[in-house]
Amino acid sequence: MPKFRIVVDVGHTPDSYGALSARNDPEFGFNFRLARLITAKLRSEGFAATRLLVTDGKARPSLFKRVGVANEGRADLLLSVHHDSVPDKLLETWEFDGAKSYFSDRFSGHSLFVSQQNPHFATSLMLARMIGKQLKEQGLHYASQYTLPVMGRYRRQLLDKDVGVYRYDGLVVLSRTRSAAVLLEAGSIINRDEEMEMNSPERHEAVAGAVAAAMRAFCERR
Ligand SMILES: [Zn+2]
């Protein structure tokens, strides 16, 4: 465990902050807070080689910077932390804090993505499954909408229907990284209730605890 090198990647950058929540908070902040907690949890449980990766700059170059850091540091796993939204056509409007804002309460839950183009696809899938299993044991449910036609170009193949692992080949951080790589959408911040949950210590602890338990199980199996 002390030698298992996990890079916990904060999705997006301060300049290119990803999705906007139902209450107009940028996704980058959610990713940063949760990824920092996951990193602290892993370190406290014996994964001393875990590092938090924060990237700046524009969206596309930042993807290659992340891959470069993971590859140069000879990581065993790149875990990219994100928070989910919905395709624009599903957005509804409401007023929050006096401003016209967007939300969709239709979907909720976390999801996990791996790329078949990753050189360690089998290991990536195993790790994603183990994280999904732990999240399920925490009483959390996965986002099942990615198989639906309504998702359009965001539609994905479901590789594990029990714990919510999807295939997403095109993602740079998953396909170009030489180590195993998993992307976690920790929950939907465009869903008004789940946005609040994603800010709660209980949900933070559930997700960080699930990741740590999965990593422990993986190392014990090896
Ligand atoms: Zn994102």
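Residue E202 is placed in helix 6, where helices (H or I, at least four residues) and strands (E, at least two) are DSSP runs numbered from the N terminus. The structure is a predicted model, in which local features need pLDDT of at least 70 and side-chain atom pairs count only at pLDDT 80 or more, while totals for chains, interfaces and linings use all residues. Residues are numbered from 1 along each chain as its sequence is written. With 9 other C-beta atoms within 10 Å, E202 is exposed; a residue is called buried if 20 or more other C-beta atoms lie within 10 Å of its own, exposed if 12 or fewer, and partly exposed in between, the C-beta atoms being placed from the backbone. From C-alpha to C-alpha, E202 and F4 are 27 Å apart in space, and they are 198 residues apart in sequence.

The protein chain as a whole contains 6 helices and 9 strands, and its C-alpha trace spans about 50 × 35 × 35 Å along its principal axes. A compact globule of 222 residues would have a radius of gyration near 17 Å, and the 16 Å of the protein chain agrees with this; the radius is taken over C-alpha atoms, and the globule rule is 2.2 Å times the number of residues to the power 0.38. Of the 222 residues in the protein chain, 45% are buried. Two residues are in contact if their C-beta atoms, placed from the backbone, lie within 7 Å, and among contacts between residues at least 6 apart in sequence, 75% join residues at least 24 apart.

Helix 6 (residues 201-221) packs against helix 3 (residues 121-137), with axes that come within 8 Å and cross at roughly 130°. Axes are lines fitted to C-alpha atoms, for helices over the stretch in contact, and angles run from 0 to 180 degrees between N-to-C directions. Helix 3 and helix 6 are therefore oblique to each other, since angles under 35 degrees count as roughly parallel, over 145 as roughly antiparallel, 65 to 115 as roughly perpendicular and the rest as oblique. In this contact L127, M130, I131, Q134 and L135 of helix 3 meet A210, V211, A213, A214, A217 and F218 of helix 6. By class, the contact of helix 3 with helix 6 has 10 nonpolar, 1 polar and no charged residues, where Ala, Val, Leu, Ile, Met, Phe, Trp, Tyr, Cys and Pro count as nonpolar, Asp, Glu, Lys and Arg as charged, and the others, Gly among them, as polar.

The axes of helix 1 (residues 27-44) and helix 6 come within 9 Å and cross at roughly 45°, which makes helix 1 oblique to helix 6. Here L34, L37, I38, K41 and L42 in helix 1 meet residues of helix 6, including H204, V207 and M215, and the contact has 9 nonpolar, 2 polar and 1 charged residues.

H12, in the loop between strand 1 (6-10) and helix 1, has a positive phi of about 70° although it is not a glycine, and with 25 C-beta neighbours inside 10 Å it counts as buried. D97, in the loop between strand 4 (92-96) and strand 5 (99-103), has a positive phi of about 55°, but D97 is exposed, with 7 other C-beta atoms within 10 Å.
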